[in-house]
Amino acid sequence: MKNSIKVFLNGFIKENPTFILLLGMCPTLGTTSSALNGMSMGLATAFVLVCSNMVISLLKNLIPDKVHIPCYIVIIATFVSVLELCMKAYLPSIYATLGLFIPLIVVNCIVLGRAESFAAKNNVLLSAIDGFGNGLGFTLALTLLGIMRELLGTGRIFDYPIYPENYGTLVFVLAPGAFIALGFLVAIVNKLRTK
Amino acid sequence: MDKLLKVSPSPHVHGGDSVSRNMLRVIVALLPAYAVALYSFGVGALVVSLTAMFSCVLFEYLIQRFLLKGKFTINNYSALLTGLLLSFNLPSNLPWWIVVIGSVVAIGIGKMCFGGLGNNPFNPALVGRVFLLFSFPVQMTTWPRPLGWASSYLDAETMATPLSLLKAGKLEQMPDALNMFLLDTPGSLGEISALALLIGGIYLLITKVITWHIPVSILLTVTAFAGILYGVDATTYPLPHIHLLSGGMMLGAIFMATDYVTSPMTHKGMLIYGFFIGVITMVIRVWGVYPEGMSFAILIMNAFTPIINKYVKPKRFGRVVKK
Amino acid sequence: MKKLTSNFSNMAVVLTVICLLAALLLSFFFDLTKGKIEEADKKKQEFAIAEVLPFSNMEIKTEKVFVDGDSLTLHRAFVDQKEVGVAVESFSKNGFNGDIKLMVGFDNDNNIINYSVLDQKETPGLGTKMVDWFKPQTEVKKSFIETIFNFQIASNPRQSSVIGKNVSEPLNVSKDGGNIDAITAATISSRAFLEAINRAFKALDSDVEWDCTSSATAMESLDCVQNDSIGINVEEMIGGECNEE
């Protein structure tokens, strides 16, 4: 039990994939123009992480070493496709905004990275917890970044107006603003960590 | 080599050259253009420039005091100069709080993030300007009519700049060249009078703050580029002097691109740097979505400056050249 | 259990089995979601039409119309066998950053009921404002800070609504002598928008002679200059659910 909490916190905070390891930058920068988009992308990735981690840790002894990368990618891609189909069917509006970034979860290095470094060595339960922790850590990071960008750029958080939109600094909704905002968030996290 | 370098034994007399003296000279060189700006835009120019200068110095102080906890450098005039240059790149009817945001970005992100003066890869004033251009596109692209002297600086009468007329293909509405040369073109504070900027540039050349390489190579490239386009199709492309006198061309070539920290060190490097600034500016002006490309071109070439410095080096003394 | 060794037969068998299982799972989910996805796509289209034609129990008949060589899609709406309005999918190629696609609804007198922007790539904060700029101004929702300190920043009044307009002559931005205020600092996007509206109107009425790009779009070569090639051509009908007229 203690171990599983440790595994969860390791992915969620201590080795947060976005703020500490700086992995998965493509969806981090591309989908966080609003808090809702960031959160949906994070949750979508978390779903794939948990499923792929579980299946890979189940099959870890059946997969010969030389073909483990193709096998992992097939498994991950399967879950991403399942997710894509389900989103198209049940959440079409969110799918319309995230669009291309959903299939791109396949090449998100967090997913393959966790499969390689954790799921291939641990049991199913721990792997699921690890996937859950990392996925939530990713969601947390993307949501924070989305909140920051949406608030600075349009004066809203989750579409609730905080201050009049005319005073928003539009660049934060655009790509350059993503880099600037991420830089400041990473700086703040580093500052808090070294304290 | 017609002149030999004279090397004498010490003691040497210090030439009195210092960061603050050079900065002060650039500020002095900007004064004619500043005077024209004050004359043309009145109280708006005053509000925008004072806000920019004051907030740049203030934020440099605050960042050094509370974040970096390092040596204070606000008395070397570099922050003051950044503020003045930033305001030269802004329209005179910009609300003061946008100017303050621009100053925060120029000093904070453009300069102090990288460790202060001397370490910044990009021209801080241009970082501030481009940030504002993306963030407040409406306010940053409505230009007050010069000599309009509105009673309140925020509701000045607005009009299109020569470059946006050019982009819209309205050659016949262009102001005439003499007006653009003297003072009557709408635009940012510092880009209305090419003459005043040239006077400042000549002062900088005489006092040896800058060398001729960067401005001349930019202006020559633009002239050649615009000349070729004019030769190809005289009905859609204007004469080269329109490009030279409009927008931030003079301001950029003389004051922004020649920033010590962000431009190459060797003369050959400066010529290459200037050439590409000219080309990129013209490409953006003619085929890009923005009417003016000077600030983007300078920022892009700022990024290439380390590479230019690496590959365009003077021959080391004593090195044998391979045949 | 011991780990399988990496010999050829093991690798081939494992890869094949995993791929087969993946395919099986995917086909299962494909079947599961197929109907839903089609429904969602259809809803999207219906929603876009319903946004510009606010009638209940509409029957939609879709046809293609050629305007100046470009094919536009017309959705004619019928209530109780009577035509109540037309939704036109129109476009402009003169946007600031690419094509602009609109759905414009007209009533029987060819007045604009409403429009909705289907697709645009304009500059955020400038051209993107076309989504509601050309509709009547509405109260802006009070923000948190405005509620707390009890004030409201008034938005400038403007004359930009195209709703209710009858496009008897091309709509133009006020800069070009028309009576529609362009989006502040985004005149090119506004011109392109009005061009798309004008084109939609032209699709309704083949007698229109004027050039839908009007005098304004000086940006690039115009694809809409020949006025001679208008023809109506009923090509398809959605789902066969509308009755024969």
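A polar contact is a pair of N or O atoms within 3.5 Å; within protein, one must be able to donate a hydrogen and the other to accept it. Residues adjacent in sequence count only if both atoms are side-chain atoms. The model shown in these views is predicted.

**View 1. The N-terminal cap of helix H5 in chain B.** B:Asn123 caps the N-terminal end of H5(B). One of its side-chain oxygens lies 3.2 Å from the backbone nitrogen of B:Ala125. The helix that follows covers residues 124-135 of chain B and has 12 residues. From first C-alpha to last, H5(B) reaches 16 Å, close to the 16 Å expected at 1.5 Å a residue.

View 2. H5(B) is largely enclosed by the rest of the structure, because 11 of its 12 residues are buried. Among them are B:Pro124, B:Ala125, B:Leu126, B:Val127 and B:Gly128. B:Arg129, B:Phe131 and B:Ser135 are also buried. Chain A contributes helix H8 (175-194) to the packing against these buried residues. Chain B contributes helices H3 (78-88), H4 (96-109), H6 (137-140), H12 (249-256) and H14 (294-311).

**View 3. Helix H3 of chain B.** Of the 11 residues of H3(B), 10 are buried, so H3(B) is largely enclosed by the rest of the structure. The buried set includes B:Ser78, B:Ala79, B:Leu81, B:Thr82 and B:Gly83. B:Leu84, B:Leu85, B:Leu86, B:Ser87 and B:Phe88 are buried too. Their cover includes helix H1 (19-41), H2, H4, H5 and H12 of chain B.

**View 4. B:Thr305 in helix H14.** B:Thr305 lies in helix H14 of chain B. B:Thr305 counts as buried because its relative accessibility is 4%, and the cut-off for buried is under 20%. Leaving out residues up to four places away in sequence, B:Thr305 touches B:Thr262, B:Ser263, B:Pro264 and B:Tyr273.

View 5. The patch has an area of about 790 Å². B:Phe54, B:Leu58, B:Tyr61, B:Leu62, B:Phe66, B:Leu67, B:Leu68 and B:Phe72 make it. B:Phe54 sits in helix H2 (residues 43-68). With 58% relative accessibility, B:Phe54 counts as exposed.

**View 6. Chain B as a whole.** Chain B has 14 helices and 2 strands. Of its 323 residues, 52% count as buried. Among contacts in chain B with a separation of 6 or more, 73% join residues 24 or more positions apart.

How values were computed
Residues numbered from 1 in each chain as written. Chains lettered and ligands numbered in written order. Predicted model: local features only at pLDDT ≥ 70, side-chain atom pairs only at ≥ 80, totals over all residues. Heavy atoms only, no water. Patch = residues over 30% accessible without salt bridge, like charges linked within 9 Å, V, L, I, M, F, W, Y side chains within 5 Å. Areas by Shrake-Rupley, 256 points an atom, 1.4 Å probe, with all protein chains shown as cover. Salt bridge = Lys/Arg side-chain N within 4 Å of Asp/Glu carboxyl O. Helix = DSSP H or I, 4+ residues; strand = E, 2+ residues; numbered from the N terminus. Buried < 20%, exposed > 50% of the residue type's maximum accessible area, 1.4 Å probe, protein only. Expected span 1.5 Å × (residues − 1). Contact = heavy atoms within 4.5 Å.
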